[in-house]
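Trainee: I would like to learn how to read a few features of a model. Please take me through them one at a time.

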Amino acid sequence: MKTTFFCKVINNPFNDPLLFVRFRRQGYAFIFDLGDFSALSVREVQKIVNVFVTHMHIDHFIGFDSLIRCLLGRETPVTIYGPEGIIEAVESKLKGFTWNLIKEYPLKVEVCELTQTEALKASFYAQEGFCRIDRPSLPRKVEILSYDGLSVQASSFDHGIPVLGYSLSEDFHINVNKALLDERGFSVGPWLNTLKAAIRSGDSAQEFVLNDRVYTLDELLCLVIITRGQKVSYITDISPIQGNIDKAIALAAGADALYIEAFFLEGDRDRAAKRNHLTTTLAGHIGRQAGVKVIEVVHVSPKYINAYSEVIGEVLAAFGGGGEKGKEEEERGGSASLSLQDAPGPL
Ligand SMILES: [Zn+2]
Ligand SMILES: [Zn+2]
């Protein structure tokens with residue numbers, strides 16, 4: 001069964017995190033965190049329409065310049081979601097460049113700052129020299145975006161500063177029963193996308209002309225199989241405190257994949273508390289309690305660059321998993337450790 005979207009962890013877990021999510025049908029992409037962009041192709045970056053920033057520590061926001069550089073000539077706007085301070089952070093970044101020659105460029109940057117109570121909004125348009133334009137704010141909701149049968153939920157966490165964790169959910173998944181399609185003599189075509197759109201919007205008045213006959217939506221429902229939608233969660237840089245852990249379990253509940261930090265080994269839990277990060281065991285515990293299918297570690301302290309298998313071992317021991325995914329993780333970390341620069345520890 002074809003998935004609606006697929007996720008690609010762009011960097012090894014010792015580098016600046018970035019999760020790229022590409023939507024097969026729509027062609028666009030979302031990203032979680034603005035870490036190191038260098039491994040993304042220009043083609044991939046140009047598909048990005050929504051950016052979900054956890055917080056503005058340098059390892060999670062350093063890719064902002066690369067994003068803007070790559071999108072300057074694009075007509076489609078980009079929206080950046082982030083925690084308290086994101087509007088000022090974007091404004092400050094944009095003020096760091098001289099924009100006298102870009103007035104003909106079409107790029108529009110929309111920013112949505114999610115505080116405990118409000119969704120503050122601001123726009124920055126190339127044709128206005130990226131001057132800040134404040135927009136009316138809205139009340140803060142858990143669901144921060146919803147369209148095309150997709151939704152994104154954001155929860156606030158404590159990391160010494162406010163941090164956002166995110167879940168991306170598909171409302172339900174529609175697959176065409178190809179065998180039945182053939183049996184009924186219907187050919188594959190754009191009408192199938194119209195059919196899926198009508199199912200999603202509940203537009204029962206929609207009609208379809210197939211093989212010189214008019215069909216109602218109800219008559220064609222037998223051609224599709226509707227199943228539970230995909231869900232992925234992205235949670236990183238949160239203090240190892242009960243309030244955060246409870247919220248992380250709720251946010252990731254039932255996810256197909258949880259992308260999470262495991263910044264410190266369990267033996268370094270005092271340091272984890274001081275630095276406001278999760279330990280390996282807590283990451284695994286969250287995944288287990290949330291009932292996720294797969295757990296993937298996206299952010300690990302560079303001090304463990306030669307102990308990655310130990311990190312993954314502790315996560316999987318707490319998660320109660322292992323198997324193929326665990327082996328893949330170990331392999332990923334093993335090869336990653338060869339290409340690392342001597343970067344300062346993420347914040
Ligand atoms: Zn970090
Ligand atoms: Zn941080």
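This is a predicted model: local features need pLDDT of at least 70, side-chain atom pairs count only at pLDDT 80 or more; totals for chains, interfaces and linings use all residues.

Trainee: In which helix is E88 found?
Mentor: Helices (H or I, at least four residues) and strands (E, at least two) are DSSP runs numbered from the N terminus. E88 lies in helix α4, residues 86-95.

Trainee: How do I read the order of the strands in the open sheet?
Mentor: Two strands pair if DSSP finds at least two bridges between them. Here six strands form an open sheet with mixed pairing, in the order β9-β10-β11-β16-β17-β18. β9 (143-147) and β18 (294-299) are the edge strands, each pairing on one side only. Within the sheet, β16 (residues 231-235) and β17 (residues 257-261) run parallel and are joined by four bridges; V232 stands opposite A257 in β17.

Trainee: Which helices pack on the sheet?
Mentor: Contact means C-beta atoms, placed from the backbone, within 7 Å. Angles run from 0 to 180 degrees between N-to-C directions, and axes are lines fitted to C-alpha atoms, for helices over the stretch in contact. Helix α8 (residues 242-252) touches β10 (150-158), β11 (162-170), β16 and β17, and its direction makes about 175° with that of β10. Helix α10 (residues 280-290) touches β17 and β18, at about 160° to the direction of β17.

Trainee: Which residues touch the most other members of the largest nonpolar core?
Mentor: A nonpolar core is a set of buried Ala, Val, Leu, Ile, Met, Phe, Trp, Tyr and Cys residues joined through C-beta atoms within 7 Å. The largest has 83 residues, and I31, I260 and V315 touch the most other members. Helix α11 (residues 308-319) gives the most to this core, with seven residues. Leaving aside neighbours within four places in sequence, V315 is in contact with residues including A262, I295 and V297.

Terms used:
Residues are numbered from 1 along each chain as its sequence is written. Chains are lettered from A and ligands numbered from 1 in the order in which they are written. Two residues are in contact if their C-beta atoms, placed from the backbone, lie within 7 Å. A residue is buried if 20 or more other C-beta atoms lie within 10 Å of its own, exposed if 12 or fewer, and partly exposed in between; C-beta atoms are placed from the backbone.
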